[in-house]
Amino acid sequence: MAQTLASDLKASAKGAYRRLRKIDDLRAEYRSLGDKKHADEVDQLIEAAIDDETISLEKLELSLLRKRPAAIKTESGITEETGDVISAALCLNAGIDEKNVVRGMDKVRAERVMNRAHSAEFQGFGLHDLCHAVIRAAGRTYAGSHGGLGMLSLTRECDAELRASGMTTLTLAYALGNIANKALLPRFENAETVWRKLATVRSLKDFKPATTVRFLLGAEGLKKVGKDGRLQHLALGDSSSTYSLGTRGGIIAITRTDYLNDDLGVFTEVPGLMGELFAVALEEEFFKVYMGRTDWITSGTNQNSQTGAGTALDITSLTAAQLLFGNRVINNRPITTSAKFLVVGTALKVKGMDLTTQQKILASVTKNANQEFTNNPHAGTLDLVITPYLNN
């Protein structure tokens, strides 16, 4: 009994020590985020948690987060919203469209931030001005040459102080990252890709391999309900495939030349190109699957494929393809889905446009004879999708 008691006391003492050490860390982290009144409030919450062991560390930290000032003020009077204003000014001066600058902000906040960003104070705001703002936000001053490497060194030091204090919106990473992201996203969204038309988007919570299952009702289909009202069990089959998430990315470096030249272009031009690269990467991944799934594209059992000279794109072959699609079955039952897209490579762009839009199509031309046209039954029935990946 004595040994058990000693062991329990030792374990209890270790747990109490770890708890108090974590509480001290929370005190140090949250006391510095505001004025004296805020520090006193933090001390009260800390002391209550020390006296009452039923208050969990999670509950204590949540209470401290709620006490955190909405706008952290530094000695210079700069607030967290000033960081958003500076980021907006940098974006505007870098030539980013205003609607992309305010993206993600509510209407009231966006109007307030943009009014200040358009003011004379922030006209022509650049990298050197950002450095001065970071130095002032940390309550420091710089008396050296404007744009010198000494100012850059002090900016890095002040930037680390701001991040340690919890002011995240007025740091170099936040401001410059804001410019990069707001320049990247429009180029990504405006890239002419087709995968969104032909694919379904699903979400995954992590990077582990995941399996998607497609359920199929059995061949007997729905059964009649008898007079007793009893429902019959249905046979359920399935087909599945496995996939996983991946990550692609890159680093944009600001060089000494960019800094000395006070050049924001590196944060608009390069991210814009990266936005297009991200769009291309998604398109490539889609077509690797789209062109590589021979099990459902070319398998005769799936009735998905026609080959041979007679499949060269024209009215006759497209009619045959429509018939093949319309006659497809699952468990011997029609799929009851009409074809929606005609997907062609760039070499068939013009012919594809004719087949999907023109009411009359040139059938044949012979020397010294009139041109002959035929009615086009496919006009307006399909959306044309053109992609170089079918022939590249």
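Thr387 lies in the segment after strand S8 (383-386), where strands (E, at least two residues) and helices (H or I, at least four) are DSSP runs numbered from the N terminus. Thr387 counts as buried because its relative accessibility is 1%; buried means under 20% relative accessible area, exposed over 50%, and partly exposed in between, with a 1.4 Å probe and protein chains only. The model is predicted, so local features need pLDDT of at least 70 and side-chain atom pairs count only at pLDDT 80 or more, whereas totals for chains, interfaces and linings use all residues. Residues are numbered from 1 along each chain as its sequence is written, and side-chain values use heavy atoms, with hydrogens and water left out.

**Surroundings of Thr387**

- A polar atom of the Thr387 side chain lies 3.1 Å from the backbone nitrogen of Tyr389.
- Not counting residues up to four places away in sequence, Thr387 touches Val194, Glu283, Phe287, Val343, Val344, Gly345 and Thr346; contact means heavy atoms within 4.5 Å.

**The chain as a whole**

- The chain contains 15 helices and eight strands.
- Of its 392 residues, 30% are buried.
- Among contacts with a separation of 6 or more, 65% join residues 24 or more positions apart.
- The chain exposes about 25,500 Å², of which carbon and sulfur atoms supply 53%; accessible areas come from the Shrake-Rupley method with a 1.4 Å probe, and for residues only the protein chains shown count as cover.

**Confidence**

- The average pLDDT of the chain is 81, and 83% of the residues score at least 70; pLDDT is the predictor's confidence in each residue, from 0 to 100.
- Over residues 70-76 the pLDDT stays under 50, and the model has 17 contacts beyond four places in sequence for this stretch.
- Where pLDDT is low, the predicted coordinates should not be read in detail.

- Beyond its neighbours within four places in sequence, Ile86 is in contact with Phe122, Phe125, Leu130, Ala133 and Leu170.
- In soluble globular proteins, nonpolar side chains tend to be buried together.
- H7 is mostly covered, with eight of its 11 residues buried; among them are Leu127, His128 and Cys131.

**Aromatic residues**

- Five aromatic pairs are found in a search of the whole structure; rings of Phe, Tyr and Trp (its six-membered ring) pair if their centres lie within 6.5 Å, and planes under 30 degrees apart count as stacked, over 60 as edge-to-face and the rest as tilted.
- Phe122 and Phe125 form a tilted pair, 5.4 Å centre to centre with 50° between the planes.
- Both Phe122 and Phe125 are buried.
- One aromatic cluster is formed by Phe286, Phe287, Tyr290 and Tyr389.

- Thr356 is found in helix H15 (residues 349-357) and counts as buried because its relative accessibility is 7%.
- The side chain of Thr356 reaches the backbone oxygen of Gly352 at 2.8 Å, a polar contact (a pair of N or O atoms within 3.5 Å; within protein, one must be able to donate a hydrogen and the other to accept it, and residues adjacent in sequence count only if both atoms are side-chain atoms).
- Asp258, in helix H11 (residues 256-260), counts as buried because its relative accessibility is 14%.
- Asp258 and Leu127 are 131 residues apart along the chain, and their C-alpha atoms are separated by 9.1 Å.
- Ala183 belongs to helix H9 (residues 172-190) and counts as buried because its relative accessibility is 10%.
- Ala183 and Ile96 are 87 residues apart in sequence and 6.5 Å apart in space, C-alpha to C-alpha.
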